Amino acid sequence: MNDFYRFVIMTTAALAVVVVLALAPLPAQAQLPTDPAERAKVVDQIFQANARQLTLFDRQGKPLSQIGTRDMYGAPALSPDGKRVAVIKADIDKETNDLWVLDVATGKGIKLTSSQAREGANSPVWSPDGSHIAYVALRGGNFSAYRKASTGEGSEELLYRSPGILTLTDWSVDGRFLSFFSTDLNGGTFYALPLDGTGERKPIEVFRNKFQLQGAHLSPDGRFMSYVSNESGRNEVYVRPFNPTAAANVAPAKGPWQISEQGAQGMAVWRKDGKELYYIAADRGLMALTVSTSSPDFDFAKPKLLFRSPDATPVGAGATSITPDGERVVMSVPPPQLRQLTMFDRQGNVVSKIGQPGLYVQPGVSPDGKSVVVMRTDLQTGNLDIWTYDIATGKGTAITNDVPPENAPIWSPDSKQVAYVSTRQSYAGIYQKSADGTGDEELLFRYTPGAGMVLTDWSPDRKFMTFYTGVLLLVPLRADQQALDRKAIEWLREDYDVAQGRFSPDGRFLAFLSNEADHEHMQVYVRPFDASKPEAPGPGPAVQVSKNKEGAAGMIFWRRDGKEMYFMTRDWEVMAVDITSSPTFQAGTPKLLFKLPGPLVGNPAQWKNVTSDGERFMFAMPVK
Amino acid sequence: MSHRTAVCLALAAMLLAGSAWAHHNMSALFDFNDRVNLSGTLTKVDWRNPHIELIVDTKSGEQVQTWSLEGPPPSFFRARDINKSDFEGALGKSVTAEASRARDGSRAGLLRVMTLPDGKIVSACPQNC
């Protein structure tokens with residue numbers, strides 16, 4: 001995971017909860033263009049797809065008011081009196097995130113921070129009296145905790161300079177501590193930052209283990225802390241005693257107590273009287289449960305649903321905040337997210353719609369044209385799984401059904417298997433499973449720890465898979481090798497970006513995206529592929545297939561007869577190109593087939609969504 | 001925030017962040033809390049995706065220690081008007097660097113900042129910070 005990307009992921013927790021672009025590495029075309037007109041267009045596309053409406057609800061889920069207008073809002077935090085909301089607002093063009101405080105009644109705001117490009121603020125928390133806001137800011141390459149008057153007056157105070165990423169979660173009711181966490185593939189740690197005294201404070205390591213940890217909110221009496229951990233295999237809310245003087249890796253004498261029952265996204269905050277606790281469940285439900293911290297043990301009742309955000313506009317934990325009295329909730333509500341699998345003909349007419357609307361992304365049509373494979377987020381569990389759908393009947397089949405997210409599905413050449421990427425125990429791997437969902441999945445290849453990879457194709461002879469990481473890699477699938485013994489081969493590794501390898505039907509060429517000629521624009525190229533020498537492209541220059549100024553977004557596809565290719569431009573135009581491959585590869589002039597109303601969610605640099613005869617095109621279209 | 005949630009939050013981040021690649025998770029291999037400061041001679045530059053690699057020879061007494069420093073991808077530097085030639089011009093010359101040390105204890109690090117012989121400061125942050 002990269003630079004600002006990594007930071008913004010931490011900071012814009014509300015921006016795109018169900019924008020399921022779970023495809024690991026970033027397509028190079030995501031870089032903002034420098035041409036002003038082109039840049040403005042891209043900025044507007046990002047805004048339209050992601051801008052959120054801050055909305056105030058009562059605890060039954062009745063909308064009370066909208067706060068201001070739609071914007072790139074994330075991480076809202078209601079003030080203790082519920083009259084203001086601190087929120088992180090992204091400026092797409094300037095590549096910054098800054099902290100704002102908005103008046104709930106009028107929507108008018110003041111800006112508390114002024115970040116440089118590719119820097120920003122995140123995770124605001126209010127002081128108990130509402131006079132100050134603490135936040136994390138990235139400046140000069142360092143993440144630090146600051147606080148500033150919530151009126152915006154005066155200068156900010158540096159509280160703690162962190163060696164790595166941190167996320168603030170709470171300001172204790174007695175005003176003595178800030179709590180924050182830091183978590184990565186090696187585990188998580190909770191800290192309390194004492195606010196006594198002046199100057200840089202020294203954090204106290206409160207609790208650490210090998211699991212991913214989030215949250216950490218102190219009970220009003222300061223005796224317990226609530227948090228979210230994936231120690232059971234999925235995220236759940238826990239409560240444990242808070243003892244800042246105990247060793248961080250020592251189990252408490254009592255607890256922890258798991259209080260969520262069906263998974264939790266996060267939040268886990270206390271009512272100011274310490275008698276109720278709230279969290280966001282896996283199915284987006286805002287849950288409440290009666291708790292007691294007055295006895296030596298922590299006591300709690302069964303969680304009850306307060307309300308759930310609609311399917312079309314699902315809102316997660318990072319986009320939700322509740323007042324200390326538990327009466328008002330603010331959510332940053334995204335644009336509608338449901339999508340319909342839709343088949344188009346070559347003229348752009350809708351031919352059919354497959355199944356019901358859902359949270360779909362990355363549809364891929366089987367080589368026999370009968371089925372589609374897709375990534376699907378379950379609205380109840382929040383799990384991201386691989387599904388196949390029968391195109392004729394719309395009947396769906398779960399290929400995976402588990403907590404780890406799967407992505408980048410592709411079909412085997414005979415349409416009998418589906419391959420996909422999933423990260424298990426820190427390792428991304430390629431798995432395959434029968435396309436009818438039966439049998440066990442099989443690990444085919446395991447990559448380096450924590451690595452992202454985008455799987456894009458399976459060679460016609462089934463002997464290679466290809467994926468990209470900025471480098472285009474091949475995985476030889478020798479039958480005499482175990483999955484863990486297989487090594488990826490760097491087929492094309494340069495100082496420019498390459499993506500979306502696609503084998504020609506005869507296996508003699510690989511098409512791919514590259515920004516070799518112009519680092520701001522990817523284009524489609526074809527180079528010879530020799531299965532007996534997979535360490536590098538075969539002899540001869542790369543032939544450029546796409547030729548439009550703004551470049552290609554992906555969707556590279558070879559027609560089965562090898563006489564036509566397809567790709568998508570950055571303007572969501574579906575293009576076709578006549579080609580010949582004997583004796584050498586040659587490409588004609590691309591022609592427009594049809595144009596889609598963009599932007600579409602997903603990563604076009606993985607799409608393989610065309611029927612083998614080039615007559616039909618499948619997209620996950622937004623449901624209005 | 002869960003890993004899944006984090007990954008799913010990517011749209012705005014992706015589009016704001018620009019092009020960048022990594023073939024492994026930084027925190028899996030490098031400890032951000034364990035930094036090392038190096039002074040030595042830049043001996044090699046590998047300017048390729050998914051991340052550049054810089055080799056720095058340092059001296060510990062009479063013994064030469066060879067450090068491998070991993071940087072962001074070339075596109076990261078390109079967006080900041082830093083080019084391959086900036087590093088190639090420093091080959092064989094003295095540089096200083098700050099890096100997060102590899103968790104396996106090897107002489108490898110994740111580059112945070114490098115100061116080139118002409119005084120130019122090249123930051124790999126926020127990507128590597």
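Guide: A residue counts as buried if 20 or more other C-beta atoms lie within 10 Å of its own, and as exposed if 12 or fewer do. Keep that in mind, for this is a predicted model.

Visitor: Is Met267(A) buried or exposed?
Guide: Met267(A) sits in strand β19 (residues 264-270) of chain A. Its phi is near 90°, a positive value in a residue other than glycine. The cut-off for burial is 20 other C-beta atoms within 10 Å. Met267(A) has 25, so it is buried.

Visitor: How many C-beta neighbours does Arg284(A) have inside 10 Å?
Guide: Arg284(A) lies in the loop between β20 (276-281) and β21 (285-292) of chain A. Its phi is positive too, near 80°. Arg284(A) counts as buried, and its C-beta neighbours inside 10 Å number 24.

Visitor: How is chain A divided?
Guide: There are two domains in chain A. Their centres, taken over C-alpha atoms, are 37 Å apart. The parts are domain 1 (3-23 + 36-333) and domain 2 (339-622).

Visitor: Which helix gives the most to the side of domain 1 of chain A that touches domain 2 of chain A?
Guide: In the contact between the domains, 18 residues of domain 1 of chain A meet 23 residues of domain 2 of chain A. On the domain 1 side, ten are nonpolar, four polar and four charged. The top contributor, with three residues, is helix α2 (residues 36-50) of chain A.

Visitor: What span is expected for α2(A) at 1.5 Å a residue?
Guide: α2(A) has 15 residues. From first C-alpha to last, α2(A) reaches 21 Å. That is close to the expected span, 21 Å.

Visitor: Within what arc do the buried residues of α2(A) fall?
Guide: The buried residues in α2(A) are Val42(A), Ile46(A) and Asn50(A). An α-helix has 3.6 residues a turn, so residues three or four places apart point the same way. Pro36(A), Ala37(A), Ala40(A) and Gln48(A) are exposed on the other side of α2(A). Seen down the axis, the buried residues of α2(A) line one face, because they fall within an arc of 55°.

Visitor: Which residue in the hairpin of β44(A) and β45(A) takes a positive phi?
Guide: Strand β44 (residues 564-569) and strand β45 (residues 573-580) of chain A are antiparallel, with five bridges. Met565(A) faces Val577(A) in β45(A). Three residues lie between the strands, and the one with phi near 65° is Trp572(A).

Visitor: In β47(A), what is the bridge partner of Met575(A)?
Guide: β45(A) also runs antiparallel to strand β47 (residues 591-595) of chain A. Four bridges join them. In β47(A), Met575(A) is partnered by Leu592(A).

Visitor: Which residue does a cis peptide bond join to Ser582(A)?
Guide: β45(A) pairs with strand β46 (residues 586-587) of chain A over two bridges, in the antiparallel sense. A hairpin of five residues connects β45(A) to β46(A). The loop between them holds Pro583(A). With omega about 0°, the cis bond joins Ser582(A) to Pro583(A).

Visitor: Of the residues of chain B, what percentage count as buried?
Guide: Chain B has five helices and six strands. They run α-α-α-β-β-β-α-α-β-β-β from the N terminus on. Of its 129 residues, the buried share is 51%.

Visitor: Where is Pro50(B)?
Guide: A cis peptide bond joins Asn49(B) and Pro50(B), with omega about 0°. Pro50(B) is in a loop of chain B, between β1 (30-46) and β2 (53-60).

How values were computed: Residues are numbered from 1 along each chain as its sequence is written. Chains are lettered from A and ligands numbered from 1 in the order in which they are written. This is a predicted model: local features need pLDDT of at least 70, side-chain atom pairs count only at pLDDT 80 or more; totals for chains, interfaces and linings use all residues. Domain bounds come from an automatic or database domain assignment. Two residues are in contact if their C-beta atoms, placed from the backbone, lie within 7 Å. Ala, Val, Leu, Ile, Met, Phe, Trp, Tyr, Cys and Pro count as nonpolar, Asp, Glu, Lys and Arg as charged, and the others, Gly among them, as polar. The expected span of a helix is 1.5 Å times one less than its number of residues. The arc is that of the directions from the helix axis to the C-beta atoms. Two strands pair if DSSP finds at least two bridges between them.
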